[in-house]
Amino acid sequence: MALATQFQKFRLDPGVHTQATLSNEQDLHVAMEAFREKIVQCLVLGNYAKGGPYVLETLMLYIAFEIFLCNDADIGVWIILGTTVQLAMHMGYHRDPKYFKGMTPFAGEMRKRVWATIIELDLGISAQVGHPRLIKQWQTDTKEPSNLHDNDFNKDTTIMPPSRPETDNTPMLYRLAKARIMRTIGFIWDFAADTRPYTYTQVMKMDTKLQDAHTAIPECLKWRSMAHTCLKRSRNPFANCIKSGGGCPLWSTMIFF
């Protein structure tokens, strides 16, 4: 905590900046602006509106960059997200890879990961700016990615290995657990964005779905006490904190009724 306080002081107090730290910050700012400019140039030169390899990944990188630079919700980011969603649907990412003949297992799995990320961005950014989400559940049938390590498959894979059990804490497990909760929160956000009133019974049914999604979080990702977390280094121990993000808009629908 003391180190964090000192860092904040040196970061915010102009009186403690040295010429070296100021120069480093200026260099970092220049590098960031150059990186953002190159992303845009690559998108334009690649004629991104026609789709193609790595277009969606580049757009998501640009969205992430803009989010980090914004101090608050920015409608411009949501508009860029809309373009990304439309391109993804145009390229068929909203349909499960099994419907595309000739698609390799590697390409299909990576498309699932990209689409899962777009869905997550859609709900997060749409909720932040206070607008309905762009992707509805009935518009897509793409299955969730597999719980696999990156080295479990490659471009030469002809048959995808089975998904690992959820006791195996791969880097994808957190994304899967979060996606399942976000799916339920998506329905809740539809509630909150709907102009029609909902009854207490309907809200309770949705609350039950949220509780079920919370209960289904893999054990290795569930909340533990700080003492337990320090003794056993658990990856992403705050995964189930996302539940609160769904409960607030759900019960806000009952405030005026």
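1. A word on terms to begin: helices (H or I, at least four residues) and strands (E, at least two) are DSSP runs, numbered from the N terminus. Please keep in mind that this is a predicted model, in which local features need pLDDT of at least 70, side-chain atom pairs count only at pLDDT 80 or more, and totals for chains, interfaces and linings use all residues. Residues are numbered from 1 along each chain as its sequence is written, and side-chain values use heavy atoms, with hydrogens and water left out.

2. On the overall fold, the protein has nine helices and zero strands, giving the pattern α-α-α-α-α-α-α-α-α along the sequence. Taking contact to mean heavy atoms within 4.5 Å, 66% of the contacts with a separation of 6 or more join residues 24 or more positions apart.

3. On burial and surface, 35% of the 257 residues are buried. Here buried means under 20% relative accessible area, exposed over 50%, and partly exposed in between (1.4 Å probe, protein chains only). The protein exposes about 16000 Å², and carbon and sulfur atoms supply 61% of that area; the areas come from the Shrake-Rupley method with a 1.4 Å probe, and for residues only the protein chains shown count as cover.

4. Which residues touch the most other members of the largest nonpolar core? They are Leu56, Leu81, Tyr93, Ile118 and Ile125, out of 23 residues in that core. Helices H2 (19–45), H3, H4 (75–90) and H5 each supply at least two residues of this core. A nonpolar core is a set of buried Ala, Val, Leu, Ile, Met, Phe, Trp, Tyr and Cys residues joined through side-chain atoms within 4.5 Å.

5. Ile125 deserves a look of its own: leaving aside neighbours within four places in sequence, Ile125 is in contact with Ile63, Ile67, Val77, Trp78 and Leu81.

6. Is Val40 buried, partly exposed or exposed? Val40, found in helix H2, counts as partly exposed because its relative accessibility is 35%. Val40 and Leu59 are 19 residues apart in sequence, and their C-alpha atoms are 8.8 Å apart in space.

7. Before the pockets, the grid rules. On a 1 Å grid over the protein atoms alone, a cavity is a set of points where a 1.4 Å probe fits but cannot get out, and a pocket is an open set with protein on both sides within 12 Å along at least five of seven lines; lining residues have an atom within 4 Å of a point. Grid points are joined across faces, edges and corners, and a volume is the space filled by probe spheres set on the points.

8. The largest pocket holds about 310 Å³ of space. Its lining has 15 residues, with Tyr54, Glu57, Tyr93, Ala107 and Met110 nearest the centre. Helix H3 (55–69) and helix H5 (105–129) each supply at least two lining residues, and H5 gives the most, with five. The lining divides into 11 nonpolar, one polar and three charged residues, where Ala, Val, Leu, Ile, Met, Phe, Trp, Tyr, Cys and Pro count as nonpolar, Asp, Glu, Lys and Arg as charged, and the others, Gly among them, as polar.

9. The second largest pocket holds about 230 Å³. Among its 15 lining residues, Ile119, Gln137, Thr142, Ala179 and Arg183 are closest to the centre. H5 and helix H6 (171–193) each supply at least two residues of this lining, with H5 giving the most, five. This lining has six nonpolar, three polar and six charged residues.

10. How many cavities of 30 Å³ or more are there? The count is three. The largest cavity has about 50 Å³ of space and is lined by Arg113, Ala116, Glu120, Pro145, Met172, Arg175, Leu176 and Ala179. H5 and H6 are the elements that give two or more residues to this lining, and the largest share, four residues, comes from H6. Five of the lining residues are nonpolar, none polar and three charged.

11. The second largest cavity has about 40 Å³ of space. Ile119, Asp122, Leu123, Arg133, Ile135, Met182, Arg183 and Gly186 line the second largest cavity, and the elements that give two or more residues to that lining are H5 and H6.
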